[in-house]
Amino acid sequence: MESVAEKLSTATHIVLTIGVAPSFFSAETGEYIFRENYKRLLASGKVVMRTTTCSENVDNLRAVLSILNILARDTRKVIT
C-alpha cells in the first residue's frame, strides 16, 4: 500500500480546499487540542473553543505548502 507521501510525490495536481471552523485549544497554553474528550475538558474549563486567527491561518497554510513543496515539488497546487 502506498503511503500518503508516495501518493503526493507522484501526483500531477493537488487540490487544497481551505476553510475555517472552530477548534479546541488549551485554556492555559493556547495549544491546539486533538483527540481528547472535549465535553469533559470544556466542562472543566481546561479548553476553549475558538476560530483560528487570520495570522494563525496564514502560518498554517504556509506550513502545509512548505511540506507539499518538499514532497511534491513539481506538482501543480490548486488552492480553493
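A: Helices (H or I, at least four residues) and strands (E, at least two) are DSSP runs, numbered from the N terminus. On that basis the chain has three helices and four strands, and their order from the N terminus is α-β-β-α-β-α-β. The radius of gyration is 16 Å, well over the 12 Å that the globule rule gives for 80 residues, so the chain is more spread out than a compact globule; this radius is taken over C-alpha atoms, and the rule is 2.2 Å times the number of residues to the power 0.38.

This is a predicted model, in which local features need pLDDT of at least 70 and side-chain atom pairs count only at pLDDT 80 or more, while totals for chains, interfaces and linings use all residues. Residues are numbered from 1 along each chain as its sequence is written, and side-chain values use heavy atoms, with hydrogens and water left out.

The aromatic rings come next. Rings of Phe, Tyr and Trp (its six-membered ring) pair if their centres lie within 6.5 Å; planes under 30 degrees apart count as stacked, over 60 as edge-to-face and the rest as tilted. Searching the whole structure gives two aromatic pairs. In one of them, Phe-25 and Tyr-32 have ring centres 5.8 Å apart and planes at 65 degrees, so this pair is edge-to-face. In the other, the centres of Tyr-32 and Phe-34 are 6.2 Å apart and the planes stand at 25 degrees, so the rings are stacked. Through these ring pairs, Phe-25, Tyr-32 and Phe-34 are linked into a cluster.

Phe-25 counts as buried because its relative accessibility is 5%. Tyr-32, at 44%, is partly exposed, and Phe-34, at 51%, is exposed. For the chain as a whole, 16% of the 80 residues count as buried.

Phe-25 also has a charged neighbour: Arg-50 lies over the face of its ring, at 3.9 Å from the ring centre. A charge sits over a ring if NZ of Lys or CZ of Arg is within 6 Å of the ring centre and within 35 degrees of the ring normal. Phe-25 thus takes part in the edge-to-face pair with Tyr-32 and carries Arg-50 over its face.

Key:
Buried < 20%, exposed > 50% of the residue type's maximum accessible area, 1.4 Å probe, protein only.
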